[in-house]
Amino acid sequence: MTAVLLISGSTRSASTNTAALRTVAAIAPENVETFWYEGLAELPAFSPDDDGTGHPSVVALHEHISRADAVLLCTPEYAGTLPGSLKNLLDWTVGTADLYEKPTAFLNVAAQGRGEGAATTLTTVLGYVGAIVDPATCARLPVARDAVDADGLVTTPEFRTGALTALTRLVHQTTPA
């Protein structure tokens with residue numbers, strides 16, 4: 001069983017990014033366990049003088065990443081880059097090397113012509129923290145708001161096929177060659 005941690009970079013309740021990851025969880029093969037880090041909005045601002053052990057949301061973040069064989073993110077773009085809350089989450093992993101050599105990928109669900117700033121920044125930051133990011137595993141799968149059903153799942157076959165392919169590739173990275 002491969003454990004894949006899902007992290008949405010959005011704190012918005014009706015986020016298409018979160019819907020994309022909910023869909024990934026729903027279509028994951030039986031040999032893949034997906035689980036969530038849901039403390040993004042509760043994370044305190046990162047400070048290099050703070051080891052995070054006094055913050056339950058930071059402790060949970062480290063525990064979740066430690067438990068995961070791989071990490072899959074999906075994030076919106078704000079002001080041409082990552083949302084501050086997701087960058088803050090990633091900052092909490094720098095000193096602990098939580099993501100070092102951990103297979104990591106991301107989905108970009110923004111409309112064509114959008115989201116590239118977030119993807120570029122995410123690639124840079126994940127490289128800096130030593131995550132293993134295979135560009136072929138990361139996928140651009142635009143999701144329109146009306147493609148999300150009442151259960152919060154993306155309904156389009158194109159998204160589901162692309163998301164399953166990305167998840168399968170990410171899981172394959174956790175298997176020794």
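This is a predicted model: local features need pLDDT of at least 70, side-chain atom pairs count only at pLDDT 80 or more; totals for chains, interfaces and linings use all residues.
Reader: At what angle do helix 3 and helix 4 pack?
Author: Helix 3 (residues 84-91) and helix 4 (residues 116-128) pack at about 10°, with axes 11 Å apart. That makes helix 3 roughly parallel to helix 4. Axes are lines fitted to C-alpha atoms, for helices over the stretch in contact, and angles run from 0 to 180 degrees between N-to-C directions. Angles under 35 degrees count as roughly parallel, over 145 as roughly antiparallel, 65 to 115 as roughly perpendicular and the rest as oblique.

Reader: Which residues meet there?
Author: Leu 86, Lys 87 and Leu 90 of helix 3 meet Leu 122, Val 125 and Leu 126 of helix 4, where contact means heavy atoms within 4.5 Å. The residues of this contact are five nonpolar, no polar and one charged. Here Ala, Val, Leu, Ile, Met, Phe, Trp, Tyr, Cys and Pro count as nonpolar, Asp, Glu, Lys and Arg as charged, and the others, Gly among them, as polar.

Reader: And what about helix 1 and helix 5?
Author: The axes of helix 1 (residues 16-27) and helix 5 (residues 157-173) come within 10 Å and cross at roughly 70°, which makes helix 1 roughly perpendicular to helix 5. Helix 1 contributes Ala 20, Thr 23, Val 24 and Ile 27, which meet Phe 159, Arg 160, Ala 163, Leu 164 and Leu 167 in helix 5.

Reader: Back to helix 3: which residues are buried?
Author: Leu 86, Asn 88, Leu 89, Leu 90 and Asp 91 are buried. Buried means under 20% relative accessible area, exposed over 50% and partly exposed in between (1.4 Å probe, protein chains only). The buried residues of helix 3 pack against strand 1 (2-8), helix 2 (56-67), strand 3 (70-74) and helix 4.

Reader: How many disulfides are found?
Author: A search of the whole structure finds zero disulfides, a disulfide being a pair of cysteine sulfur atoms within 2.5 Å. The sulfur of Cys 74 is 11 Å from the closest cysteine sulfur, in Cys 138, too far for a bond. Cys 74 is buried at 0% relative accessible area, and Cys 138 is buried at 17%.

Reader: Which residues other than glycine have positive phi?
Author: Among them are Ala 79, at about 50°, and Glu 101, near 60°. Ala 79 is in the loop between strand 3 and helix 3 and counts as exposed at 84% relative accessibility. Glu 101 is in the loop between helix 3 and strand 4 and is exposed, with a relative accessible area of 52%.

Notes: Residues are numbered from 1 along each chain as its sequence is written. Side-chain values use heavy atoms; hydrogens and water are left out. Helices (H or I, at least four residues) and strands (E, at least two) are DSSP runs, numbered from the N terminus.
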